[in-house]
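Here's a quick briefing for anyone meeting this structure for the first time. Have a look at the ligand and its surroundings, then at the nonpolar cores.

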Amino acid sequence: MKSQYSQIYLDYNATTPCDQAVVDVMFPYFNTHFGNASSSHHPFGWLAKDAIDEATEAISKTLGVSSKEFVYTSGATESINGILKGLYRKNKSKRNHIVTTKAEHKAVLDVCKFLESEGALVTYLDVTSDGLVDIQQLKDSISKNTLVVSILYANNETGVIQPLDVISRLCKAKGSFLFSDATQALGKIEMNDFFEQVDFACFSGHKLYGPKGIGLSFIKEKNANNIDAFIHGGGQQRSLRGGTYNTPAIVGLSKAIVLAEKSLTKETKRLKDLRNQLQDGLSAIEESIVNGKNVNRLPNTLNISFKYIDGVNLLRGLSRFLAVSNGSACNSAEVNPSHVLIAMDIPATLAFSSLRFSLGRFTSSEDIKNTINIVTNEVAKQRKSNILWERRDS
Ligand code: PLP
């Protein structure tokens, strides 16, 4: 893909470019086939409905899940809001306890905070220094009052993958629902058992070379009555989320999922090799620490801290050459250290000096070689003017 930018793009966990094949299948549904899928009395509507049914069927087949278990939303954030608020509001008189972790995406943490204001009891679990959920704490926290356990499948900042098999068994034993934000996992790792393990999940189009503004909620068929509607009105999507279907985006999302799953095995290996090449190269920089190094991680993600470096200055220095991030792009307005790294007990100064590299479909071996050189030189340059670096051994 040709880009107008000269920077090497290594921020694929923030967003991905739309695949040209995705753009191509979406295009006719903006104008030629513009009908409303709910217009059931003429061919304009029939065609849109057929396109949505076909797209949904393709997703269903690809993921091995019934097409009645999906709800289209505007993105993962809406899905998270819809699922957690919908579950809580429907069930709060029976169970009002939610368990989550301190290393979740802000979309989950902010919804949990909001639900506390509506009376929910929320437990925020610690994670280990490698970013894994503290299983003993989880065991001790789940009770007969626990409505839902909300655990991020793959962390957007560190790539750390949680052991959903263990977590799922604990939830089932207590009759609690398991919701997993799998926004970063879909299209990056095999998810064979995932839909068995969870009751609810969410995904987002723009993280896997699909369009922005479209997301997917997974709601197990047997749980559809356990949740309030995300949006009332119109009766679409089995009355779980009213509003006119976004035909081009749904068609695009479906294509993106099919394409991602098709190339998954090969692409996972390619990305892992490149990520490891990057990890080895950057680990050669003195006083660098890879975060989440010892556990199962997304193949495309590297989170690394450089001691004696100010992360904001480093990002500024690199921005002429590289597009990377130092935390979640969704909360980049904040100047606090990453809450994910803080949850891993990484000191604030080190959390501030961390970078997240996330590789993707268009990352080449050449990009990685250049990135290693650029970062190595910039870190050396910035340390030269840092008096603490000079005095580190004295
Ligand atoms: N959850 C995770 C793990 C994410 O990485 C993101 C986006 O960064 C979101 C949720 C929010 O996704 P969306 O942009 O589709 O609302």
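In the side chain of T77, an N or O atom sits 2.6 Å from an oxygen atom of the ligand. Keep in mind that this is a predicted model, where local features need pLDDT of at least 70, side-chain atom pairs count only at pLDDT 80 or more, and totals for chains, interfaces and linings use all residues. Residues are numbered from 1 along each chain as its sequence is written, and side-chain values use heavy atoms, with hydrogens and water left out.

**Around the ligand**

- H206 also reaches the ligand, with a polar side-chain atom 2.9 Å from one of the ligand's oxygen atoms.
- For H105, the distance from a side-chain N or O atom to a ligand oxygen is 3.5 Å.
- On its own the ligand has 390 Å² of accessible area, and the protein covers 90% of that (Shrake-Rupley method, 1.4 Å probe).
- In total, 13 residues surround the ligand, and T77, D181, Q184, S204 and K207 are the closest (a heavy atom within 4 Å).
- That shell splits into three nonpolar, eight polar and two charged residues, with Gly counted as polar.

**Nonpolar cores**

- The largest nonpolar core has 44 residues; a core joins buried nonpolar residues through side-chain atoms within 4.5 Å, buried being under 20% relative accessible area with a 1.4 Å probe, protein chains only.
- Among the residues with the most contacts inside this core are L138, I167 and F203.
- A second, separate core has 25 residues, including I98 and C112.

Technical notes
A polar contact is a pair of N or O atoms within 3.5 Å; within protein, one must be able to donate a hydrogen and the other to accept it, and residues adjacent in sequence count only if both atoms are side-chain atoms. Buried means under 20% relative accessible area, exposed over 50%, partly exposed in between (1.4 Å probe, protein chains only).
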